Amino acid sequence: MAAPKTYLEQTSSSNLEILSSIQVNDPEKSTCHVEPTLVINEFDYTQRAQWLRAAVLGANDGLVSVASLMMGIGAVKQDIKAMLLAGFAGLVAGACSMAIGEFVSVYTQRDVELAQMKRDHHQKRISQRGGHNMNEEEEVIEREALPSPAQAAVASALAFSVGGVVPLLGAAFITNHKVRLAVVVVVASMALVVFGVGGAVLGRTPVVKSTARVLVGGWMAMAITFGFIKLIGSGGLEM
């Protein structure tokens, strides 16, 4: 099935048909040579903003949350089982939380846009009495362009899971406690760099600045969690 033409494509096709009819019907101007104009449409990167934000935010949250949980437990417990269980619990809980939060947020946004769309259509029908009214096909196209809450929820949960599984895999086969903590930090840092560079390239933003922001934020989260839990554990709280 061919994709429906956009408003710009429909307008361009109409203009070309009018120009062709003028050239054929006017014998005096039929010999005139009309230079074709090449219009280059640059891609609007703001169209990527919503799904890019959800993907980068979900993967970054999963990575930082699970790695910080594992670092916090590792600050007071040397048992690998405790670290992995804490990380896995954080991954499952975080993925569910991201999915539910994204679903509610996007559904609210969709309701607001639908209400505004109905108001706009009502105003057009009032102002265009007897004129051209928006047909059902155009209304369907506008509704299909609205964000999908279910897709956003699934994408956020998957992105969180992809980020959260990285430190789990990195620490799963390391028996030495100190080496395990170091591996979690190194693996998480490498993944943060990849996420930062990927988001900057897709969004056409400064790579170094975006990557540094993501990396420093992840380091701060892991360091604060490790230090805070270490402080509580050394204060006499039995774990």
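Phe103 and Tyr107 sit 4 residues apart in helix H3 (residues 80-127), so about one helical turn separates them. Helices here are DSSP runs of H or I with at least four residues, numbered from the N terminus. This is a predicted model, where local features need pLDDT of at least 70, side-chain atom pairs count only at pLDDT 80 or more, and totals for chains, interfaces and linings use all residues. Residues are numbered from 1 along each chain as its sequence is written, and side-chain values use heavy atoms, without hydrogens or water.

**Confidence**
- Mean pLDDT (the predictor's confidence in each residue, from 0 to 100) is 76 for the protein, and 68% of its residues reach 70 or more.

**The aromatic pair**
- The count comes to 1 aromatic pair: Phe103 and Tyr107 are tilted, at 5.5 Å centre to centre and 50° between the planes.
- Rings of Phe, Tyr and Trp (its six-membered ring) pair if their centres lie within 6.5 Å, with planes under 30 degrees apart called stacked, over 60 edge-to-face and the rest tilted.
- Phe103 is partly exposed at 36% relative accessibility, and Tyr107 is partly exposed at 40%.
- Buried means under 20% relative accessible area, exposed over 50%, and partly exposed in between (1.4 Å probe, protein chains only).

**Helix H6**
- Helix H6 (residues 177-203) has 27 residues and reaches 39 Å from its first C-alpha to its last.
- Buried residues in H6 include Leu181, Val184, Leu192 and Phe195.
- After H6 comes Arg204, with a positive phi near 55°.

Notes
Helix = DSSP H or I, 4+ residues; strand = E, 2+ residues; numbered from the N terminus. Expected span 1.5 Å × (residues − 1).
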